[in-house]
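Dear colleague,

Please find the structure below, together with its sequence. My notes on what was found in it follow directly after.

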Amino acid sequence: MNRSRALFLTISLALLAPLVTGVLWSAADRRAEEGEDSLYKHLAIFSEVLGLVRNNYVDPTEVDRLLAGAMDGSTDALDAFSVYLPADAVARYTRATGAGASRSGLVALRDRGIAFVVAVEAGSPAARAGFESGDILAKLGERSTRDMAAWELETLLAGDGVDRLVCEVIRRGDSKVLTLEPAAFEPVAPKLEEVAGLPMLRIARFDAGTAAAVRPLLAGLAERQSGKLLVDLRELAGGSAAAAYEVAALFAQGSLGRLEERGRELRAFAGDAAPLWRGQIAVLVDSGTLGAAEILGVALRDRAGAKLVGVKTFGWAGERELLELAGGGRLHLTTAFYTGPDLKPISAGLAPDLLVDELSRTFGERDKSLRELILDRGVRYLAGEPEAAGERAA
């Protein structure tokens, strides 16, 4: 933009802002007299704030940057998955969301201005780089995440056009530099392993083949007549919701949940066959349990009598839709949520039946990580220890 056009825009904004504000306030007053909630009042305040910032902030400001920040903040106030996209970001973002975490194994989100790691897939480039759930992402490359829009964070971590990304993370107060090298990797297949004499089912990813891989594991468990099972859903984020319902159907019969949009059913999920295995289940969950894993967790709790052991889950199992804006931008908004058998949308975290936190830590457990504590508490519950069975979530 040349100097004369910039001057013209500045003068125009200075002349129009009071006029627009006055009109909006007038409309707000009329609506208030009618006893209705007024959007105009908030728009008038926004216009006033924009004018004050432009005229009084210590440094010159750009209208485009202010408006993009306002849009980004609006979607951030909804949930960590709703995103505003400027027109020039749509193509890159579409490629990145298509790839998802398939090249990094890292699920990270920006919530209330803070970018953090939700989960790290086993065997992934992110796992090899040393990322951990809960890491705060301070810098990606040379840029601070504080000034980074949600779409930029998602695009960079998906490895779009990036072969090597140096990241600064904050972990329990300490700064660390980790190098992520995005690349295609083979997901770890579901497996049964023995922990303290108990079988534990570990699922690293929900996709089209997950239920087929879990089926023979449960059949073998039934043949061995083992009546107890740990199901490990810690740090398991994202993946196919339909796959999670398919796995749940191996454990339970009947209605398992649905996908709903503003209370309207879009799709129903159910277990049609008899369960492959029946027994006592402890489901291990943490703050990285998100999406499809939450669907399986609530289905096992409500249909198979499982106990959730750990901390409150992330709280989002939904679908997003790209909505087109007049200027070529997009809104990637949450438009539907999945439910469990109770038909309650999974839009808030699942509270564990057996809460594991710092207050429940014993003196002998002071050197154990929270992840280790959750596993220990699940083992103790299945072993029938009274203190473990009696610990309930608030």
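**Helix packing**

Helix α4 (residues 90-99) packs against helix α6 (residues 150-157) at an angle of about 50°, and their axes lie 9 Å apart. α4 is therefore oblique to α6; angles under 35 degrees count as roughly parallel, over 145 as roughly antiparallel, 65 to 115 as roughly perpendicular and the rest as oblique. Axes are lines fitted to C-alpha atoms, for helices over the stretch in contact, with angles running from 0 to 180 degrees between N-to-C directions. Helices (H or I, at least four residues) and strands (E, at least two) are DSSP runs numbered from the N terminus.

Please note that this is a predicted model, in which local features need pLDDT of at least 70 and side-chain atom pairs count only at pLDDT 80 or more, while totals for chains, interfaces and linings use all residues. Residues are numbered from 1 along each chain as its sequence is written, and side-chain values use heavy atoms, with hydrogens and water left out.

The crossing of α4 past α6 is left-handed, a term used if the near helix is turned anticlockwise from the far one by less than a right angle, with right-handed used if clockwise. On the α4 side, Arg 92, Tyr 93, Ala 96 and Thr 97 meet Trp 151, Glu 154 and Thr 155 of α6; contact means heavy atoms within 4.5 Å.

For helix α7 (residues 210-223) and α8, the axes come within 9 Å and cross at roughly 20°, so the two helices are roughly parallel to each other. α7 passes α8 in a right-handed crossing. Thr 210, Ala 211, Val 214, Arg 215 and Leu 218 of α7 make this contact with Glu 246, Val 247, Leu 250 and Phe 251 of α8.

**Overall composition**

The protein has 11 helices and 17 strands. Of its 394 residues, 43% are buried, where buried means under 20% relative accessible area, exposed over 50% and partly exposed in between (1.4 Å probe, protein chains only). Among contacts between residues at least 6 apart in sequence, 64% join residues at least 24 apart.

**The six-stranded sheet**

An open sheet with mixed pairing is formed by 6 strands in the order β8-β9-β10-β13-β14-β17. The edge positions are taken by β8 (191-195) and β17 (354-355), each with a single partner strand, so one side of each has no neighbour in the sheet. Two strands pair if DSSP finds at least two bridges between them. Strands β9 (residues 198-202) and β10 (residues 228-232) run parallel and are joined by 3 bridges, with Met 200 opposite Leu 230 in β10. Helix α9 (residues 292-304) lies across β10, β13 (280-285) and β14 (307-310), and runs at about 155° to β13.

In the loop between β8 and β9 is Ala 196. The phi of Ala 196 is near 50°, a positive value in a residue other than glycine. Most residues other than glycine have a negative phi. Ala 196 counts as exposed because its relative accessibility is 63%.

**Glu 235**

Glu 235 is located in the loop between β10 and α8 (241-251). With a relative accessible area of 19%, Glu 235 is buried. Its side chain reaches the backbone nitrogen of Val 120 at 3.3 Å. Leaving aside neighbours within four places in sequence, the contacts of Glu 235 include Ala 119, Ser 133, Arg 202, Asp 286 and Arg 371.

Arg 258 belongs to strand β11 (residues 254-261) and is buried, at 17% relative accessible area. The side chains of Arg 258 and Glu 265 form a polar contact at 3.5 Å; the term denotes a pair of N or O atoms within 3.5 Å where, within protein, one must be able to donate a hydrogen and the other to accept it, and residues adjacent in sequence count only if both atoms are side-chain atoms. Not counting residues up to four places away in sequence, Arg 258 also touches, among others, Tyr 245, Phe 337, Tyr 338 and Leu 343.

Leu 343 lies in the loop between β16 and β17. Although not a glycine, Leu 343 has a positive phi of about 65°, and at 37% relative accessibility it counts as partly exposed.

Pro 345 also lies in the loop between β16 (330-338) and β17 and is partly exposed, at 37% relative accessibility. Pro 345 and Gly 257 are 88 residues apart in sequence, yet 9.1 Å apart in space, C-alpha to C-alpha. Beyond residues up to four places away in sequence, Pro 345 touches Glu 260, Phe 337, Tyr 338 and Thr 339.

Yours sincerely
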